[in-house]
Amino acid sequence: MADWPLYEVFVRSKHGLNHKHVGSVHAADRQMALENARELYTRRNEGVSIWVVLASDITASAPDEKEPLFDPSNDKVYRHASFYELPKEVGHM
Amino acid sequence: MYAQLVETGTKKLKTLEEMGPQERAFQEKVNDEIKIEPKNWMPEAYRKTLIRQISQHAHSEVVGMLPEGNWLTRAPSLKRKLQLMAKIQDEAGHGLYLYSAMETLGADRDEEIQKLHDGKAKYSSIFNYPTLNWADIGTIGWLVDGAAIVNQVPLQRTSYGPYSRAMIRVCKEESFHQRQGYQILLTLMREGTEEQKAMVQDSINRFWWPALMMFGPSDDNSPNSAQSMAWKIKRHSNDELRQRFIDQTVPQLELLGCTAPDPDLKWNEETGHYDFGEIDWQEFFDVVQGNGPCNRERIDARRRAIDEGAWVREAAVAHAEKQRQRRQAA
Amino acid sequence: MQNVSQITRTPLTEYLLRLGDSVLVLGQRHAELCGKAPALEEEMALMNVGLDLFGQARNWLTYAAEQINAEQAGSELDADALAFKRDAQDFRNLLLVEQPNGDFADTMARQFLFDAWHVPLLEGLAQASDPRIAEVAAKSLKEATYHLRRSSEWVVRLGDGTEESRARMQRAIDNLWRFTGELVQFDEVDQAMADAGLAPDAGTLVARWKATVEKVLEAATLSHPPFDAWMYTGGKTGHHTEHLGFLLAEMQYLPRTYPDATVW
């Protein structure tokens, strides 16, 4: 039997948010993947835009790399606005 | 339920002390309600059990289209036709969400579906019962989807992330299914002719016990439950969910003005629950083992659809390949 | 119970029945496909098309019923009465849409030949001077445009797929071709509607239909019988093929078996 490859599906809702991963579909080609994603993931007016990408084309970080990849940003508090204390007189900034 | 008998491969629970460091870290995450994601380490038995459970659940959605599809061409009004078609389509969609969750565990959808067609995979026993009159469409929405919801709502918090997210989506979409079914029955009972009312009672008589069986064997006969609960891929016991379902359903039954085919069904003031009669477990195990009224028909129908569509899927692949070659040549 | 066979028909009601009946009957063919699609993804797609078609049928038939009720004292029809209580000879759908589902090539060829006509028709109807027609057509047009895209792609995939799929698709086109005459032959009802500014004229519709068919079949590496081949017609005036009676017997089973039932 001829298998249809797996595509990951990303949908942007109408509220102007980023495309969000919602699941996957099987399809023979990219066009069909787009349509199958439309049939499956936007039946209730959920989306205004769809991306599909071959699942095998996605490169993902591995969970055992979690510490070296993500922990270093834990202590960089100076990247957050709340780190900078200003006198009340300045008002909202 | 939609996955009534899921083999876990483990009959005895390990304590945290008995586990190696990886398994222990995994179990502690589960205990802390941290979701397990596809690339996280997980015990092989957990992965296999999940594949079994999610695929059973997915097969149930897909096979579950058939008894309702049996009345789609005969739905008695345009409104009912649209509602039923949308509902059946949702079921196909829910099957796809679940297969998609299952594939994140490294399982292959086509292989799992092949197991279904070979009679090697299970699906909910309820779909092996025939739909014999129009009221069955209402009863399936009310009782069968009602039972499914009781089971699926807690599964939204199941430990495996993709399964949990699929269930959240399914529950959100399914909220109309049960109401749709109950409304069919209420309309027939309140405004229907005597013949229409008789359809409803006949339908409840046939589906009542099979709906109760959907929750699976009673707890003392459910050897895999303890492990599934420890892994939090099952969150309540079969009997607990069954009782919850009965307690919420009996008042709805009375509102319809119908009766259940159970002389022992009555309110128990002391326990605060309904008592009910003994389920015919022999019938349940017969149906699960392939000897229900429609097991053969259901499997045949699914196999035929996929087998007869093989040339279509092959053609689509062949065309995609030609397109790819043309793009490369250009 | 009002005898729905006795309704008098003006060109407008006749035309609304043609529009409504064609999408109703094609929708019913989609209902038959439930659980039979060649892939689960395709199951979703076919039922989305079916839902669109039944929704369109409800809109057209509701308007038809209102028109009939306005013209005939004592008439209390609604879309369901028209769908479920009329006999085959009172149906005005195209012969093309009542043809059986056959295999997936037959199903998709039928859909494509219909969509290629439906889209330019609805484009014309969306410009109708009757605001109700224009509104229903504009809504239906969005759906039909997507249907045409999908059915065209399937015709191309199967035509330019494997040897087997090509043979099946070619056979389907050849078999269904004789039912396409009705799409483009204008009779006095079509002409009256066009003259009244309620429907597109023949020239535009025919040219658009032919252009789409030729373009897609060429991409699919398929041929078609000549446009002036012998055509089997009659659906628009109630002369149907043998298939419609069975389709209606099944679809109308409950309301016909329980005539006293007023609600479902």
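Author: What follows goes through the interface of chain C and chain B, and then that of chain A and chain B. The model is a predicted one, and every value below is computed from it.

Between chain C and chain B, 50 residues of chain C are in contact with 49 residues of chain B, and the area buried there is about 4,300 Å², with carbon and sulfur atoms giving 72% of that area. The polar side of this interface comprises 15 residue pairs in polar contact, both residues being at pLDDT 80 or more, together with 3 salt bridges. In the salt bridge between B:Arg109 and C:Glu41, the closest N and O atoms are 2.9 Å apart. Several helices of chain C give two or more residues to the side that touches chain B, among them α1 (11-32), α2 (40-71) and α6 (131-159), and the largest share, 11 residues, comes from α2(C). Sorted by class, this side of chain C has 27 nonpolar, 10 polar and 13 charged residues.

Turning to chain A, 21 of its residues are in contact with 21 residues of chain B, and the buried area is about 1,900 Å², of which carbon and sulfur atoms give 53%. Here the count is 4 salt bridges, and in one formed by the side chains of B:Asp90 and A:Arg44 the N to O distance is 2.6 Å. The interface also holds 10 residue pairs in polar contact, again with both at pLDDT 80 or more. On the chain A side, the elements giving two or more residues are β2 (20-26) and α1 (30-41), and by class that side has 11 nonpolar, 4 polar and 6 charged residues.

Notes:
Residues numbered from 1 in each chain as written. Chains lettered and ligands numbered in written order. Predicted model: local features only at pLDDT ≥ 70, side-chain atom pairs only at ≥ 80, totals over all residues. Heavy atoms only, no water. Contact = heavy atoms within 4.5 Å. Buried area = accessible area lost by both parts, 1.4 Å probe. Polar contact = N/O pair within 3.5 Å; in protein donor to acceptor, adjacent residues only side chain to side chain. Helix = DSSP H or I, 4+ residues; strand = E, 2+ residues; numbered from the N terminus. Nonpolar A, V, L, I, M, F, W, Y, C, P; charged D, E, K, R; others polar.
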